[in-house]
Each structure stands twice: as C-alpha cells, then as structure tokens.
Amino acid sequence: MNVRAAAARVLYHVVDQGQSLSQQLPLAQQQIAPRDAALLQEMCYGTLRWLPRLEYIVQALMDKPLKGKQRVFHHLLLVGLYQISYMRIPAHAAVAETVNATKPLKRPQLRGLINAILRNYQRDQAALDQASQAHEAGLYCHPSWLLKRLQAAYPSNWQDIVAANHQKAPMWLRVNRQYHSRESYHSELQQAGIGASAHPDAMDALKLDAPCDVSRLPGFDQGWVSVQDAAAQLAVDYLQPASAEHILDCCAAPGGKTCHILEHQPDAIVTAIDADENRLSRIKENLSRLGLNAEVKHADAREPSAWHQGPTFDRILLDAPCSATGVIRRHPDIKWLRRDSDIHALVTLQAEILDAMWQQLAPGGTLVYATCSVLPDENSEQIRAFLAREPSAILRTGTQTQPGRQILPGEDDMDGFYYACLEKPLCD
C-alpha cells in the first residue's frame, strides 16, 4: 500500500474511531514495504503531536468539511500538511506523493482537491502557521482538560511538561545482567558501531544515541537486552526482589517488569497477572525470548480470591492502570483518546486494586505502587488517601505530605512515571 494512504487510514481509525495507535500502526506496517515502516510511523506520530494546528489549517483552506466515506481524505490532507511543515521531504514531492495516495484510497477524483489545498498551503504557509498557533489548542497541542490539570498540579513548570510531550522519545535498553554487565554490553554496542550512554540511577539502562532496529542489537534474539524506558526500569530498584521470594507482578502486560525482576533474581517465584487476556501472550513471548519462567494468569486484581489460594506474597509490584499521561511522547494518541471523565474512574479502580493487593501482601512485605501518569489524583493523592485508610502502612519513598516520587517527562530523558514504596509492618 502507498505509505501516505496507510497513514491516512491509521489516523482515521485513531482520531475518528477512537482506536489505539499502538494497535493500528503495526497492522498498517504489515501492508507496506518494510523500508517505509519508519516513514509511516513518523507521519502518524507527528500528525498526532501537532493535530490541532493541522486541523485549523485544513478548516481554513476548505469551504466545507469532508464527511462520511470521504473522512479518510481529511486525514490524508493532515498527512500532507505535516510533511510540508515538519519533515525534510521536499514540498513538491510531499504534494505529489500525497495526491497519488488518492488512487489506492479509491477516490482518484479527489486528486484535484487534495492538490489545490496543499498548494494553497504552500503559498500562504507563514500566515496559516501563525494563525494556527494564535489560540491555546494550536499553541500547546494538548486538550484543554489536560492543560488545566497540568497547570493546577505544576503551576511553575507545566509548560516544560507540554514541551517534553512534543519531543521524540529516545530508545532505552535494559541490559540482562544474567548475560552481561551494563559496561560489557556497552562495549558490545561500541563494537557494533552503536553509540549509547548510561543512566545515572537505573543501573541496567543504556540510552542509544539514535534509535535503531532491534535486529542490529548484539544478542537481542539471545535475550542479552530488551527495549524499556529507564523510568520503567526503576521499578526493580524500588521492589528490591530477593532470592526465592514469592513475588506478584500485578497488571503485568506486556511483561517488561516481570522479566526485569527475574533477571535480577532468577530463582524468585514470580506470578504475573493481567485483566486483559489478549495481552497475556506478550508476557509469555518476552519470558520465552529471555529464557525466564513465571506463572502467567488472566486475573482481576480486585478479586484475588478467584485466582489465588496460596500464601501471601513477599513483594508486590502494582503497575496500576492509569491515564498514561507520562508517556505522551511515546503515545501521542493518548492526548486525543483520553477524556477528563476517565480520571475519576481510573482513580477509583486504582484504589480498589491497591486495597485488594495490600491484603495479599505478607507482613514485613513490600508493595510498590507505580503508574506512568503525571496527575496527582492517580499518584501522590492516591497514596495519601491509602495511608489514611491504612495508617499502619510504612511509606518508604517521599514524605507524608508528598508521598512517593514523581518523575516528569524528560527528567534524565525518561518518561513520566510515579513510584511509591510501601511496607507492611510485621504486626498491626
């Protein structure tokens, strides 16, 4: 398939139909030439990053919007505008190739319309770009509800968070210490001509100077290394798994943290659960590639009696369902798929899981609560409310007034993440 036609279809499914980019993009990449996979990703990610600006320009250049079966061509226009405005593709080539995409999309009669709008944008680009940023939506390219929450939570640096969300995320690797130290694997990368640097806190993390296909990574198929953001790698440092302990990874898919626990303690007895049965295969695939073993279960964490009749766990990692507002740079569709009303429902769900998991924690055990959110409702305020319900719980990260650790997007080039380490007393 024409790569621009594929991009238009992906954007239609995401923006108009509310489907996930992480689901739609891989499907589309299977239908195009492998050499075009990175180009397709760039066009989809970039268009979603700057969506309000591009939408404004399309509306300004059209007498009436495209509707119904022609909606995919609205998204084709967005793809064309993104190429001209943000990519290094020569404008004439971007216009020609975008116009050509009307044929595989089965509306060649729209060639003239697509060509005219893109040419008109070229002629008035400076004025249209300026006008597209004259309002809050186009200036910050975030939904108003999210801007308001960021402004309330981070009054002095919310604009830094917005700016970080617009950056392209780096590629972080997690070195499997069962095969290599971080230093020795860094040497393997250097010998392969791949530049990288170490993270100051996440002791298994290396950041590549430039992203590359995993097929270029030494020993990837043998399990020497995995792709995982440094912020997510910190989970094992807070959990501190020990030999032969019973450990639960709750809401575990796709299994990166499950595997990291076992890379540190291969003889730990690990159970990984997730409520989404379709995602369990990802956990099993990761365990298989790395040669690790864990019990994988389809389970609702709120109802442990339905899936666990054994002893309580020594350690529990609760990577809670959340708004994912800390990983927008990796998943720009989050801005347009998430709704303000979702937050209250997520906070309620998190509290229910947290309370249930606390009952499954052995006396003297450790529970690590984690999210990839930057919203206090899901993080510090969630833990503050839990401590009020469970006054015997011992907080090991942060303070009673500011519980846990909030990592903001871009901090040490990490994703936005939150951790709170809680310890259960030996006796109440």
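Colleague: How many salt bridges does the count come to in this structure?

Modeller: In this predicted model, the count comes to 21 salt bridges. One of them joins the side chains of Asp377 and Arg149, with N to O at 3.4 Å. Asp377 sits in the loop between strand 9 and helix 18 while Arg149 belongs to helix 10 (residues 144–153), so this pair ties together parts that are 228 residues apart in sequence.

Colleague: Are Asp377 and Arg149 buried, exposed, or partly exposed, and which values place them there?

Modeller: Buried means under 20% relative accessible area and exposed means over 50%. Asp377, with a relative accessible area of 27%, is therefore partly exposed, and Arg149 is likewise partly exposed because its value is 23%.

Colleague: Which residue forms a salt bridge with Arg174, and where in the chain do the two residues lie?

Modeller: Arg174 pairs with Glu263, the closest N and O atoms being 2.9 Å apart. Here too distant parts of the chain are linked, since Arg174 is in strand 1 (residues 172–175) and Glu263 in helix 14 (residues 256–264), 89 residues apart. Both Arg174 and Glu263 are buried.

Colleague: What does Arg329 pair with, and which network of salt bridges includes Arg329?

Modeller: Arg329 forms a salt bridge with Asp415, with 2.8 Å between the closest N and O atoms. The pair links distant parts of the chain, 86 residues apart: Arg329 is in the loop between strand 8 (313–319) and helix 16 (334–337), and Asp415 is in the loop between strand 11 (405–407) and strand 12 (417–423). Arg329 counts as buried because its relative accessibility is 3%, and Asp415 is buried with a relative accessible area of 3%. The network of salt bridges links Arg329 and Asp415 with Lys207, Asp229, Arg330 and Asp413.

Colleague: Which residue does UniProt list for "active site", and what does that residue touch?

Modeller: An unreviewed UniProt entry lists Cys372 under that heading, an annotation that may be inferred rather than shown by experiment. Cys372 is found in the loop between strand 9 (361–371) and helix 18 (380–389), and at 17% relative accessibility this residue counts as buried. Not counting residues up to four places away in sequence, Cys372 touches Cys322, Ala324, Thr325, Gly326, Val327, Gly416 and Phe417.

Colleague: Where is Gln24 found, and which side chain does a polar contact join to that of Gln24?

Modeller: Gln24 is found in helix 2 (residues 21–29) and is buried, with a relative accessible area of 12%. A polar contact of 2.5 Å joins its side chain to that of Gln19. Leaving aside neighbours within four places in sequence, Gln24 is in contact with Val10, His13 and Gln19.

Terms used:
Residues are numbered from 1 along each chain as its sequence is written. This is a predicted model: local features need pLDDT of at least 70, side-chain atom pairs count only at pLDDT 80 or more; totals for chains, interfaces and linings use all residues. Side-chain values use heavy atoms; hydrogens and water are left out. Helices (H or I, at least four residues) and strands (E, at least two) are DSSP runs, numbered from the N terminus. Buried means under 20% relative accessible area, exposed over 50%, partly exposed in between (1.4 Å probe, protein chains only). A polar contact is a pair of N or O atoms within 3.5 Å; within protein, one must be able to donate a hydrogen and the other to accept it, and residues adjacent in sequence count only if both atoms are side-chain atoms. Contact means heavy atoms within 4.5 Å. A salt bridge is a side-chain nitrogen of Lys or Arg within 4 Å of a carboxyl oxygen of Asp or Glu.
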